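Take a moment with the sequence and the model shown here. The paragraphs after them lead through the structure step by step.

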Amino acid sequence: MSEVKLAATTRTEFGKGAARRLRRAGQIPAVLYGHGTEPVHVSLPGHETMLAVKHANALFEIQVDGKPVLALAKDVQREPVRQIIEHVDLLIVKKGEKVSVEIPVVIVGESAPGTIHVVETQTLALEAEATHLPESVEVSIDGLEDGAIIKAGDVTLPTGSTLVTDAETVVTTISTPRVSAEDLGEESDEAAEAPAEA
């Protein structure tokens, strides 16, 4: 995924009041940290940042005082009701560096007729190059029968990624929905009533 370029402004004011003023002005307070550097408090353009963090593990190229810094969004704090971004923690990364990230699992294909799949694990922790992070991991359930289980170790990972999640972690299971005797009893009652109504 290509970097999202954002121009940051260094912040000198802190606290809730300063953060509120920033958000009113269409900016998002953020902090850049990592690689042994002192945390740098910045403000980011609100709309562009909001669009960028919709992508899992978006890579940012942030201009701080005219210098480009590569960073990953490690924590995005949102206001619970309106989901407005209140603050972003950004981890500084270098090209070629490997980082550990949570990647969403995407189920593809259809399991055998009459079966359903249950996703047990929504994300997998992978180690990958900071500048080549996958957006998602595809898990195919095509044609899988009742009783099939896919574990993290069975998943084909994107090139250059290694699994951090325990290989035995269950990602998805395939099963046939069981109909209880009670459900069958109700259906047979309805079937018996149907001719009487006709």
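Which residues does Ser161 touch, not counting residues up to four places away in sequence? They are Leu126, Glu127, Ala128 and Pro134. Contact here means heavy atoms within 4.5 Å. Ser161 sits in the loop between strand 11 and strand 12. Its relative accessible area is 12%, so Ser161 counts as buried. The cut-offs are these: buried is under 20% relative accessible area, exposed is over 50%, and partly exposed lies in between, with a 1.4 Å probe and protein chains only.

A word on the basis of all this. This is a predicted model, in which local features need pLDDT of at least 70 and side-chain atom pairs count only at pLDDT 80 or more, while totals for chains, interfaces and linings use all residues. Residues are numbered from 1 along each chain as its sequence is written, and side-chain values use heavy atoms, with hydrogens and water left out.

Strands (E, at least two residues) and helices (H or I, at least four) are DSSP runs numbered from the N terminus. Two strands pair if DSSP finds at least two bridges between them.

Start at strand 4, residues 59–64. Five of its six residues are buried, so the rest of the structure largely encloses it. Strand 1 (residues 4–10) runs parallel to strand 4, joined by five bridges. Here Lys5 has Glu61 of strand 4 as its bridge partner. Strand 5 runs antiparallel to strand 4, with six bridges. Ile62 stands opposite Val69 of strand 5. Two residues separate strand 4 and strand 5 in a hairpin, and Asp65 in the turn has a positive phi of about 50°.

Strand 5 (residues 67–78) also pairs with strand 6 (residues 85–92), antiparallel, over seven bridges. In that pair, Arg78 stands opposite Ile85.

Move on to strand 7. Seven bridges join it to strand 9, and the two run antiparallel. Lys98 has Glu129 of strand 9 as its bridge partner. Strand 7 pairs with strand 10 in the parallel sense, over four bridges. There Val108 stands opposite Ser140.

What lies inside? In soluble globular proteins, nonpolar side chains tend to be buried together. A nonpolar core is a set of buried Ala, Val, Leu, Ile, Met, Phe, Trp, Tyr and Cys residues joined through side-chain atoms within 4.5 Å. The largest one has 21 residues; Leu72, Val93, Val99, Leu124, Val155 and Val171 touch the most other members. Strand 7 gives the largest share, four residues. Beyond its neighbours within four places in sequence, Val171 is in contact with residues including Val105, Leu124, Val139, Ile150 and Val155. A second, separate core has 19 residues, among them Ile28, Leu32, Val69 and Ile92.

One charged pair remains. Side chains of opposite charge can pair when their charged atoms come close. A salt bridge needs a side-chain nitrogen of Lys or Arg within 4 Å of a carboxyl oxygen of Asp or Glu. The count comes to one salt bridge. Glu168 and Lys151 form it, at 2.9 Å from N to O. The two are 17 residues apart: Glu168 is in the loop between strand 12 and strand 13, and Lys151 is in strand 11. Glu168 is exposed, at 51%, and Lys151 is partly exposed, at 28%.
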